[in-house]
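Please look through the sequence and the model below before reading on. The report that follows begins with a single residue and then widens to the elements around it.

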Amino acid sequence: MNLLDELRALDVDVDDGLKRIMGNEKLYTKLLGSFVKMARANGVCIEEGSDDYTEAIEKAHALKGTAGNLSLTPIYEGYTEILNLLRGGQPGEAKAVLEKILPVQEQILGCIEASMQ
């Protein structure tokens with residue numbers, strides 16, 4: 001199974017992602033690699049009891065936007081929910097969603113990284 005098929009099996013909307021860049025699989029794969037680097041460098045941390053979630057919101061927003069552009073649907077949906085909860089003053093709930101999405105994100109990132117070796 002190739003990378004794109006593996007991502008489809010992980011509920012990534014590869015066809016939509018490819019459509020956004022006119023079907024250029026090479027470019028899509030390159031962008032996926034860039035997303036991995038960005039996601040690894042910008043991990044979201046939600047510390048309950050903090051008065052300031054600005055950094056978590058900024059990182060979640062960046063991950064959500066890039067995941068959306070690449071149609072990494074599970075990641076996009078997770079960070080959309082996290083942002084809504086953080087902006088709504090519900091950090092505990094946001095942290096719970098983050099804990100649910102991180103294993104899914106790790107699976108997708110690992111899949112992409114394995115194909116690039």
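Leaving out residues up to four places away in sequence, Q105 touches A39, I75 and Y79, where a contact means heavy atoms within 4.5 Å. Q105 is found in helix 6, and with a relative accessible area of 7% this residue is buried; buried means under 20% relative accessible area, exposed means over 50%, and partly exposed lies in between, using a 1.4 Å probe and protein chains only. This is a predicted model, in which local features need pLDDT of at least 70 and side-chain atom pairs count only at pLDDT 80 or more, while totals for chains, interfaces and linings use all residues. Residues are numbered from 1 along each chain as its sequence is written, and side-chain values use heavy atoms, with hydrogens and water left out.

Helices are DSSP runs of H or I with at least four residues, numbered from the N terminus. Two of them are set side by side here, with the expected span taken as 1.5 Å times one less than the number of residues.

| Helix | Residues | First to last C-alpha | Expected span |
|---|---|---|---|
| Helix 6 | 25 residues | 35 Å | 36 Å |
| Helix 5 | 15 residues | 21 Å | 21 Å |

Helix 6, which runs over residues 91-115, has a kink of about 30° at I101, shortly before the proline P103; the bend at a residue is the angle between axes fitted to the seven residues ending there and the seven starting there. Among the buried residues of helix 6 are P91, A94, V97, L98, I101 and Q105, and what covers the buried residues of this helix includes helix 1 (3-9), helix 3 (25-41) and helix 5 (73-87).

How are the buried residues of helix 5 placed when seen down its axis? The buried residues of helix 5 are P74, I75, G78, Y79, I82, L83, L85 and L86. They fall within an arc of 165°, judged from the directions from the helix axis to the C-beta atoms, so they line one face of the helix. On the other side of helix 5, E77, N84 and R87 are exposed. The cover over the buried residues of helix 5 includes helix 3, helix 4 and helix 6. G78, within helix 5, is buried with a relative accessible area of 8%, and, neighbours within four places in sequence aside, G78 is in contact with V97 and I101. Helix 5 is followed by G89, whose phi is positive, near 75°.

In soluble globular proteins, nonpolar side chains tend to be buried together. A nonpolar core is a set of buried Ala, Val, Leu, Ile, Met, Phe, Trp, Tyr and Cys residues joined through side-chain atoms within 4.5 Å. The largest such core here has 37 residues, of which L7, Y28, F35, I46, L72 and I82 touch the most other members. Helix 1, helix 2 (14-20), helix 3, helix 4 (54-69), helix 5 and helix 6 each supply at least two residues of this core, and its largest share, 8 residues, comes from helix 6. Apart from neighbours within four places in sequence, I46 is in contact with residues including Y53, I82, L86, P91 and L98.

The cysteines remain to be described. C111 counts as buried at 9% relative accessibility, whereas C45 counts as partly exposed at 48%. With a disulfide taken as a pair of cysteine sulfur atoms within 2.5 Å, the count comes to 0 disulfides.
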